[in-house]
Amino acid sequence: METQMFCYQCQETAGNKGCTINGVCGKNNITSNLQDLLVFVTKSLSYVLRLARKEGINIPKEVNHIISENLFITITNANFDDEAICDAIENTLNIKRDFINKLGDIKLPEYIKRDFKREEYSEAAKHTSFMEIENEDVRSLKALITFGLKGLAAYLKHANTLLAEDENIDIFLQSALADTLDNNKSIDDLIALTLETGKYGVDTMALLDGANTSHYGNPEISEVNIGVRNNPAILVSGHDLKDLEMLLEQTQGTGVDVYTHSEMLPAHYYPAFKKYENFVGNYGSAWHNQKEDFENFNGPILLTTNCLVPPKESYKNRVYTTGAVGFKGCIHIKGKIGEQKDFSPIIEHAKKCPSPKEIETGKIVGGFAHHQVLSLADKVVEAVKSGAVKKFVVMAGCDGRQKSRSYYTDFVKALPEDTIILTAGCAKYRYNKLNLGNIGGIPRVLDAGQCNDSYSLAVIALKLKEVFALDDINKLPIIYNIAWYEQKAAIVLLALLHLGVKNIHLGPTLPAFLSPNVAKVLIDNFGIGGISSVDKDMEMFFGEGYVKKSGVTKDMIVSDILKNNPHAENVFKEIGMMCLGCPASLSESLADACEVHNVSCDDVLEKLNK
């Protein structure tokens, strides 16, 4: 039976194999197929542009921007608007025709010259998915490259929005897209292209980092309010800092507050945004909780990028989209790169809405991008040398709605107290509101920012390698336990591989688009692995001698508890067990010790296991 669609680009794809009827993300088969067609025509245009460059034909930067925007439209949870996708297909085909005409008599493959009328899009789209590629390993590598390029394009679009350009990245992006249409590429060719994609992923994130910091300053340690004020307000989600800046400028003096949601949280870390008195704080948590968060917020919501969950009818009329984002029935605010967007419709809407419902209070701390952390380098190095910090645990990446992702909360709770977590992306919402304390004044969760700020974590690691005079980044006391969801996570992974990082563990599952043979290449050459249970992974990362905080039992010997977790001494002393060095501790169980000291063993267990 012919499938209605096929999509396996995200972590939550059906059965970890592929969505064939409707997407778990919420897109239907028509939208999915149209996105496949948009990717295909973007690749064929890229093929033509590569030839045009060889012939000395000028490629305007606006055309480069269209390539990036098209790929961004097809990222998971970005655009569900079929008409908008069809408009992008039509525009791309028009540009391709113009450049084919400029090439004159140069011979092109038939599949590159393929053209479609608008009424043919739906039918043509059925034959442009990866499943048209017969060889499983070729299909897998081309999918990995394409999804990595989608993530690269998203970050490039953000940089372009801030008027940062690097044509070398555009040239690579378009050439790599064209190569995925080439049936003559060998497995070795595609593996090399995969790693090269990682190299340009690093370049793109560096370009974006420079654009962000030159416009808004270097992120600094900041406390972010998670409560609310009694004013009408707008909630901004996504990643685009320029959209946020324009909105903040236009809300001055209107009485309308602005809050961030999900991946926009790190905007609070940039000095330039601190001058806006109506920039109140962060509301809610990760993208997949937006149905509850948006309902409670009461005011309008601006989606600047993915991740948009198909909105409920109860608040759909309050959702506005811009940039690559779209959803039928939601108002789209237009504006090209370099243009001033008019946010007056959403501002006027906000004035008519009640203030947000308070769902929590307090503050969270972030702002640990590379510039800030490197300013603390001496303190960090001393903590490592003294043994106060034994390991860094990189837990960057994406959050998701699957219940299995509670693993990451449990994993953090079970970490030894001499570990520091380095994070970026929305994965942090699984643990960034836990009270994990600090080590010598260094918070145990260092949030670098958005998913693209995983670049900061790489810069930090490279600097530590230099400080400790190591010849290999993998000799650092760093563990990589990363959650992934969509295609921006794919380019972050490829970027880390390019930098030589090995033994990265991905979860909750390995990507469905990795064939067994391609997965084996990644495992054999880079040590890529999955996750299992918290207990097993703790043993894998910290050794068999490690006693988990959740693993203390009544029959454990007191000296063993102290040996494996020195911090337990504070608990024992708190309840009056002062003779911890006495011979009895070498043979006395916790239950025996509690009986001798006339204290509740259950109460002591609870404190130890916290």
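What is the handedness of the crossing of helix 7 and helix 8? The crossing is left-handed, a term used if the near helix is turned anticlockwise from the far one by less than a right angle, with right-handed meaning clockwise.

Before going on, the ground rules. This is a predicted model, where local features need pLDDT of at least 70 and side-chain atom pairs count only at pLDDT 80 or more, while totals for chains, interfaces and linings use all residues. Residues are numbered from 1 along each chain as its sequence is written, and side-chain values use heavy atoms, leaving out hydrogens and water.

Which residues make the contact? Helix 7 contributes N168, I169, F172, A176 and D179, and helix 8 contributes L193, E196, T197, Y200, D203, T204 and L207, with contact meaning heavy atoms within 4.5 Å. By class, these residues are 6 nonpolar, 3 polar and 3 charged.

Now the salt bridges, defined as a side-chain nitrogen of Lys or Arg within 4 Å of a carboxyl oxygen of Asp or Glu. The count by this rule is 28. One of them pairs E167 with R53, at 4.0 Å from N to O. E167 is in helix 7 and R53 in helix 1, residues 29-54, so this pair ties together parts 114 residues apart in sequence. E167 is partly exposed, at 43% relative accessibility; buried means under 20%, exposed over 50%, and partly exposed in between, with a 1.4 Å probe and protein chains only.

A second bridge joins K390 and D418, with the closest N and O atoms 3.8 Å apart. K390 sits in the loop between helix 14 and strand 9, and D418 in the loop between helix 15 and strand 10, 28 residues apart.

Last, K463 and E466 form a bridge at 3.4 Å. Both lie in helix 16, 3 residues apart, about one turn of the helix. K463 is partly exposed at 30%, whereas E466 is exposed at 55%.

Methods: Helix = DSSP H or I, 4+ residues; strand = E, 2+ residues; numbered from the N terminus. Nonpolar A, V, L, I, M, F, W, Y, C, P; charged D, E, K, R; others polar.
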